[in-house]
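User: I'd like to learn how to read cores and aromatic pairs in a model. Can we go through one together?

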Amino acid sequence: MSLHVFAAFVTPLGTAANNRGLTEGNITSLQKLVWNGQVHTTVSAESIRFALRRRLNEQEPCNRTYDDAARVNEWKDAAFSAWAAKSKEKTYIDDDLLGFMSAEGAKQEKEKGTAKVRRAVLEVSRAVSLTPWSGDVTFNAASPKATPSAQKKGDNPVPYGTEMHATRYQYGVALTPEALRVPARAVTALNQLCALGPVAGNHGRFLFDFSPESVVFRLTQEAAPRILYAFEPSSRPGGVELAALLRKVKSGDVPAKELVLGGQVVEALGAEEREVLSGAELHAGVVAACRAACKRLEAGKR
């Protein structure tokens, strides 16, 4: 049976604003969805993958990189030739982990188009705010000629509003190392996710730390994650808890021995909760938990 790695992350408290450069009139808006009957803000999986790719490129070359000056993506192997059936070329880490798709239409009538596709082995969920959005909006005014495009005529300030959300974001990932061309890249991916840093979209002006404050890893032979979106706001101001996960462990749906927990959520565990999690690895820090999960992963491959 295959070893699967699942992880649930929750960020520190931060202030999100102007994600992806969306606007409604002169209001820079946040992406939103209805979650448990209330409006929450969200950050796309694509934004997280984009930030992760930059981290991965610091460890070994990526096929796709972004040129900040030219504001374009650049490809080392746009034909994905390393993935041809008989190719002996070394594959790029981002193609291996995050997958790719290149489709080409038919060149003549009655011919079929072609597509080169690799499904992502590292799957990333959309990040959802831990708390509902209360509708916070600030009023701002760009001073005349603050940017070349800010004011074309006249000398009046340009008013605009910004939606804001002081919150944490949680998201999850799924990964089956043996599906990778280079299975050792699974460890690289986990390490970089635990040190992710800023995540934003096409025109993100805000700084939001996406390095996890708390994390739950599950290393199992079961294909079902069962731990995604595990975090909930706690009764303590600003804290988080794992009530749903504890219920799953208590009921036997998730064996405690498959879990590695780290970060602030561990420090907040009470004696009864620690008893339920007996058999799980509990670490005060996220980095320590990540190291423990990677150690288990490497042991599981031998």
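User: Are Y171 and F210 buried or exposed?

Analyst: Quick background: this is a predicted model, where local features need pLDDT of at least 70, side-chain atom pairs count only at pLDDT 80 or more, and totals for chains, interfaces and linings use all residues. Residues are numbered from 1 along each chain as its sequence is written, and side-chain values use heavy atoms, leaving out hydrogens and water. Buried means under 20% relative accessible area, exposed over 50%, partly exposed in between (1.4 Å probe, protein chains only). Both Y171 and F210 are buried.

User: How is the Y171 and F210 ring pair classed, and why?

Analyst: Rings of Phe, Tyr and Trp (its six-membered ring) pair if their centres lie within 6.5 Å; planes under 30 degrees apart are stacked, over 60 edge-to-face, the rest tilted. Here the centres sit 6.1 Å apart with planes at 35 degrees, so Y171 and F210 are tilted. Both rings also belong to one aromatic cluster with F9, Y169, F208 and F217.

User: Which residues touch the most other members of the largest nonpolar core?

Analyst: In soluble globular proteins, nonpolar side chains tend to be buried together. A nonpolar core is a set of buried Ala, Val, Leu, Ile, Met, Phe, Trp, Tyr and Cys residues joined through side-chain atoms within 4.5 Å. In this 47-residue core, those residues are L97, L122, Y171, F210 and F217.

User: What lies over the face of W133?

Analyst: A charge sits over a ring if NZ of Lys or CZ of Arg is within 6 Å of the ring centre and within 35 degrees of the ring normal. For W133 that's K32, at 4.9 Å from the ring centre.
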